[in-house]
Amino acid sequence: MSDRSRASDSAISTWFLRLYVLVVFAFVFAPIIASFVFSFNSDRFPTIPLGSFTTKWYETIFADTDVWDAFARSLTVAAITAVISTTIGFCTAYTDFRYRFRGKGFYLGLALLPPTVPLVIMGLAMLALLSRINMSGQVYSIVISHVVLCSPFAMAICRLRLSQMDPSLEAAAWNLGASQWQAMKTVIIPFCKPAIIAALCLTAAVSFDEFAVAWFVSGLNKTIPVMILEILQGNVDPQINAIGSFVFAISISLVVVAQILVMTRDDKGRKS
Amino acid sequence: MNAPVLVEFKDVEKRFGDTVAVEAMDLQIRKGEFLAIMGSSGCGKTTTLRMLAGLEQPSAGQILLDGKRVDTLRPEERDTPLVWQSLALFPFLSVVENVEFGLKMRGVDKVARRERAMDWLGRLDIAEFASRSVDQLSGGQRQRVALARALVTTPEILLLDEPLSALDANLVVRMQGVLSKLQKDLGITFVYVTHSQSEAFAMADRIVVMSNGRVEQIGTPEEIYREPATRFVAEFIGTNNIVSGSVTSVDDRHTTIQGDGVTLTATNGSTALRVGASATAVVSADSVRLNAAPSDAVNQANQIVGTLVSEAFVGSVVTLLLETPAGEFRVQTRQRDLAQINLEHGAKIALSFTPEDVFLLPDTREGG
Amino acid sequence: MSFALPGLLWQLLFFVFPMMFLIALSFWLVKNYRMVPGFESVNWVKMYTRGYFWDAYFYTLMLAAISTVVTSILAFPCAYALAFKASPTVRRWAMFLLIIPFFTSYLVRAYSWQIFLGNEGIFNGLFSVFGFGPYKMLHTMFGTMVGYLTLCLPLVVVLQLLSLANVDKNLVEAAWNLGCGRVRTIFQVIVPLAKVGLVVAATFCFILSFGDFVSPYYLGGSKPPTLSILIIDTTKSGQQWPRAAVVAITMIVTLMIVAFSAVTYAYARRTRQ
């Protein structure tokens, strides 16, 4: 095979692969971008070419007190869920990092399994149990279920950070006279701070978007995603795009903040 | 010595971005020889080997195998099997399946390739492990699997990239024997990349010493050892003592140089030096004689008085380190030759050597 | 060890306990629209003797299996390109971009696809310009698959990418060195090396598709319904929660069998002759 044909050969395959990657990313982002674009489109039934620019869908939702109530509720749920599940996740990650004990496999399985259970089933189980003990249909019912779903993510993030830590750091602190609590406060938690903040952001984002379990247990206390779900069951309604884009902006800023925190810390670690 | 050329590097250069890994390389590898490419890490030795295998593309120049240009071929289109530093055995295949791999790629049918693979496992004494998984083998056994896998296609050349670096010292010596014998029996060319002098000196017919992407010297182990071409080579061979100085007299048999407080006389070599030129004298550690220094001993031609700093025993060989006016001196001798010498630290010892044992190198600015 | 407690208590109380309760619930009775505790097999018998239950079961199984195969195959070239051809910077950005959809509303994305795929949607609008169509895409299995891909593709690419990036490059080069061509190396060396990660990715894809109700409902038109839709219909329109529990338990058991077989397969040593 001549030099030239070899070069063009691999050029074609590289070109094809690049194009393929672009197509995959286009598929992944098409619905997200489209939803954003259509949220400013005046036509109720959007087609190409687009209608005129409008902010009426945003005006409609901002004028709707139900939307504001749901929004406030979503934020509350997300914030409380983030705090509780990050606390639990951190404790579980630290347990895994620090201790060996009988039944650890089972313990970790329990800690990490919930996201693999279909949300519908989780919703049904929570609804069945909570309604039996008269705890369903409340804002805290959503929080309870979301913590179950979110703490595994928080655990994973904190565990990843802990695995970058020299295990002897903590022992060194003890050796220098720190109590277990002091070592935790002065060594472990500062070291894990970026991971903890990242976990707060990510769990808040997951909770803020979760619709299935919330739909089962929320009763009349709808969150934003549950509201979207119910609008979706009706007719085509561009309000969804407006709400969706709004929600997207919030979730994505949480994710970006989390990502930046994780990345910058990584870079610092690499340099030193 | 006059075997035909199998591989030829013609003015080959390899750059990675701004760094030059290999520069202006001209190298001929003969059929049936055991060639070692030696140098410290980052000197370009592995890059040279990878270019020969096609895993790197030269930035300039040509590589010929058996007279045909191969630098434009993909690695899978060449028959230049490599034994990897990491061995690179396929963990999802059994021992015999690993060995069969190359044959399978060449379309050899199932029965024939199993037979040839088993034959090679037998030759390397590991037939009993054929159906094991590779991670159940010891380091030495894995080494043999890697060899069998590379040799099963009966190539004309075998490339080895520091294959023994992961083994413990005893095993290294044993594997050196295995490799040497294998190369002699098969009569094929081995190109062996290593940073270890002992491996290169123990096995190679010729050695290429590289530094900073350049070939410093190509020669037999004897030549590299006794007549280093550059100061780098002299220093790289860790047992050499090096004294810098300037030439004070030249006659038809000897050249004398004056270093820091020492005078060295050497038998004239191939390079003629002029009076006043700066030069480097190389004295290998095993050619220095020791005498307990009498109190009135002085530095004279080819005699240096030094102070003992430390000694190290490896088996029956002793390496002494002495502080002299010309810097540190290293002396290797047998333990029983030390009987009459006072080995207390700080003892004065006279070191002497014959003019035949002093090798003079003209100083080249770039070599310094 | 007190650090182990918060997670343990929460997950026991609000995860294990509800799941256990679901099992108990499947044996309860419904009388006059009220649930009565009991231990009767009537719900199991009723569900397991209904044709529509088994139709839904096998249809869901088939959809999830197709989704797993299609997603894995479509994701692989992308993950391969990012793992072996892209620079570390590009790879990190790609990873970041692929994580984003995970945190955007799946509902909104599904709704977006409705706009694209509808009979009067954007795709058919584009086709008509060139004189094709309209094609029915929404409320078909194709629509369901588009939804499943939306749900699973980013995750599967990320998981495949992670396992491919861990493949020892030396082994790939060793394969070339032994005469193995580029494409053949992918199947002979890279896929076996990344097997565990690829199987895990496929398993996650199966779990997500099997349990999802949004795609089969809003993009697939719920014709026929899947098991998740069956649970929702049974729960939301009436008090037949015990029967929904039967469906849910059947799903969980199925998923456990699938996940267990997948893990066994992933870690299986090849038997030697």
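**Figure 1. Where chain C meets chain B.** In this predicted model, 20 residues of chain C are in contact with 29 residues of chain B, contact being heavy atoms within 4.5 Å. The size of an interface is often given as the accessible area lost when the parts come together. Here chain C and chain B bury about 2300 Å² between them, with 54% of it on carbon and sulfur atoms; buried area is the accessible area (1.4 Å probe) that two parts lose on being put together, summed over both. Two salt bridges are counted between chain C and chain B, a salt bridge being a side-chain nitrogen of Lys or Arg within 4 Å of a carboxyl oxygen of Asp or Glu. Look for Glu173(C) and Arg50(B), whose side chains meet in a salt bridge at 2.6 Å, N to O.

A word on reading these figures: residues are numbered from 1 along each chain as its sequence is written, while chains are lettered from A and ligands numbered from 1 in the order in which they are written. Because the model is predicted, local features need pLDDT of at least 70 and side-chain atom pairs count only at pLDDT 80 or more, while totals for chains, interfaces and linings use all residues, and side-chain values use heavy atoms, with hydrogens and water left out.

**Figure 2. Chain B as a whole.** Chain B has eight helices and 20 strands; helices (H or I, at least four residues) and strands (E, at least two) are DSSP runs, numbered from the N terminus. Its C-alpha trace spans about 80 × 45 × 40 Å along the principal axes. The domain assignment gives chain B a domain 1 (5-226) and a domain 2 (238-362), with bounds that come from an automatic or database domain assignment. The centres of these two domains of chain B, taken over C-alpha atoms, are 39 Å apart. Of the 368 residues of chain B, 51% count as buried, where buried means under 20% relative accessible area, exposed over 50%, and partly exposed in between (1.4 Å probe, protein chains only).

**Figure 3. Two salt bridges inside chain B.** Arg69(B) pairs with Asp71(B) in a salt bridge, their closest N and O atoms being 2.8 Å apart. Arg69(B) is partly exposed, at 40% relative accessible area, whereas Asp71(B) counts as buried at 5%. The other pair to find is Asp286(B) and Arg226(B), a salt bridge with its closest N and O atoms 3.8 Å apart. This pair links distant parts of the chain: Asp286(B) is in the loop between strand 14 (278-284) and strand 15 (289-292), and Arg226(B) is in helix 7 (residues 221-226), 60 residues apart. Asp286(B) counts as partly exposed at 37% relative accessibility, and Arg226(B) counts as partly exposed at 35%.

**Figure 4. A salt bridge between two helices of chain A.** Arg159(A) and Asp96(A) form a salt bridge, with 2.6 Å between the closest N and O atoms. Arg159(A) lies in helix 6 (residues 139-162) and Asp96(A) in helix 3 (residues 65-98) of chain A, so the pair ties together parts that are 63 residues apart in sequence. Asp96(A) counts as buried at 15% relative accessibility, while Arg159(A) is partly exposed at 23%.
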